[in-house]
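These are my notebook entries on what I looked up in one structure. I kept them in the order in which I worked.

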Amino acid sequence: MARLLGFGSAALALLAAACSQGEKGATAASSDPLIAAAQQQFKAIPASYKDIPGNQASEALIALGQMLYHDPRLSGSHALSCASCHNIGLGGGDDAATSVGHNFQQGGRNAPTVLNATFNFAQFWDGRAKDLFEQAGGPMVNPIEMNSPKEHVAEQLRSIPGYAKAFADAFPGQAAPITLENVQKAIAAFETTLITPNAPFDQFLGGKADALNAEQKAGLKLFMDKGCVACHNGTNIGGGMYAKFGVVADPGEKYRPAADKGRMAVTKDPADEFSFKVPTLRNVTLTAPYFHTGSVWDLKEAVRVMGKAQLGQDLSPQDVDQITAFLGSLQGDQPKVTIPILPPSGPDTTRPVRN
């Protein structure tokens with residue numbers, strides 16, 4: 001199995017050890033062998049975003065980010081916001097194969113969920129943004145997505161009188177805090193709060209054996225024994241590495257179009273052809289359609305495709321049912337987000353661009 005996945009046994013041992021770092025001391029050791037095995041590979045989501053290591057965002061910064069995340073005036077048409085493609089009520093995605101952008105243009109890939117994105121080691125399917133800060137700046141200025149020229153973002157916000165105090169509160173001491181960089185910082189700070197703790201699987205990792213039913217436990221065991229865990233591990237059960245889609249078998253044009261080279265488009269390295277950031281499986285029952293193409297709406301079909309393409313196995317119907325049942329245990333408490341009241345436009349605020 002290690003050979004099929006492209007890992008040697010030593011590499012897999014290192015991977016397992018890396019995944020378990022931070023687990024020791026955070027989760028009590030369990031006498032239940034399945035819980036103990038899972039604790040070696042996975043990590044529960046913190047109960048609060050305030051518990052995320054390194055998070056120092058102030059409440060004022062988060063509140064500003066929440067406003068900006070929902071403000072369509074960051075787009076040239078005043079019709080699109082971050083929430084348009086990353087709807088918190090739709091599992092952090094948009095329930096579409098590819099997103100609709102400026103002038104009804106179609107994006108090239110499925111919108112990844114924003115939920116728990118703070119735990120990803122990089123952002124976007126191809127990893128072209130190293131963190132949420134970099135990711136936040138991309139869609140606003142992309143002519144296919146929000147189509148707001150880079151220099152225009154701060155100019156637009158300065159023309160909306162009510163934003164002056166919100167930025168001053170979020171960035172105290174700065175003489176001119178309304179900048180694109182600060183917009184990105186605020187949106188990233190808000191997105192860091194969009195975590196989904198307390199999933200049944202998190203409770204299971206914490207030692208509650210009955211948090212999973214018998215079918216989910218069988219699916220977890222298969223998930224680990226079959227080798228899915230080699231890529232889908234850690235806190236986000238994914239999001240921690242790149243992997244070739246079709247490492248064992250070509251999944252076919254429907255699932256992996258030849259024109260999309262994945263990570264190779266960023267690195268220009270042929271070895272990265274068809275490699276993508278491994279997606280999180282957190283809340284996966286809420287985030288259809290699946291794959292970077294958004295070509296699969298049935299989670300069981302996605303499991304079957306992955307079994308063949310990544311593991312070289314034709315999973316039995318029972319295997320598929322049990323793994324899918326386990327994936328259902330990854331749905332955590334959804335963020336409770338209040339839609340903010342946005343400050344009204346001023347007389348100098350740029351009017352919508354419709355072409």
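How many salt bridges does a search of the whole structure find? I found 14 salt bridges in that search, counting a side-chain nitrogen of Lys or Arg within 4 Å of a carboxyl oxygen of Asp or Glu.

Before going on I noted that this is a predicted model, in which local features need pLDDT of at least 70, side-chain atom pairs count only at pLDDT 80 or more, and totals for chains, interfaces and linings use all residues. Residues are numbered from 1 along each chain as its sequence is written, and side-chain values use heavy atoms, with hydrogens and water left out.

Entry: I looked up the pair D169 and K165, which form a salt bridge with their closest N and O atoms 2.7 Å apart. The two are separated by about one helical turn, because they lie four residues apart in helix α7 (residues 163–170). Helices here are DSSP runs of H or I with at least four residues, strands are runs of E with at least two, and both are numbered from the N terminus.

**Entry: α5 and α8.** I then checked how these helices pass each other, and their axes come within 8 Å and cross at roughly 115°. The axes are lines fitted to C-alpha atoms over the stretch in contact, and angles run from 0 to 180 degrees between N-to-C directions. The crossing of α5 and α8 is right-handed, a term for the near helix being turned clockwise from the far one by less than a right angle. Taking contact as heavy atoms within 4.5 Å, I listed L132, F133, E134, Q135, A136, G137 and M140 of α5 against L180, E181, V183, Q184, K185, I187, A188, E191 and T192 of α8. This contact has eight nonpolar, four polar and four charged residues, where Ala, Val, Leu, Ile, Met, Phe, Trp, Tyr, Cys and Pro count as nonpolar, Asp, Glu, Lys and Arg as charged, and the others, Gly among them, as polar.

**Entry: α12 and α13.** For helix α12 (residues 299–311) and helix α13 (residues 317–328) I read axes that come within 9 Å and cross at roughly 115°. L299, K300, V303 and R304 of α12 make the contact with V320, D321, I323, T324 and L327 of α13, and these divide into five nonpolar, one polar and three charged. The crossing of α12 and α13 is right-handed.

**Entry: the largest pocket.** The largest share of its lining, seven residues, comes from α12, and by class the lining has 33 nonpolar, 12 polar and four charged residues.

**Entry: two backbone details.** A cis peptide bond joins A288 and P289, with omega about 5°, and I placed P289 in the loop between β2 and α12. N116 is not a glycine, yet has a positive phi of about 65°, and I found N116 in the loop between α4 and α5.
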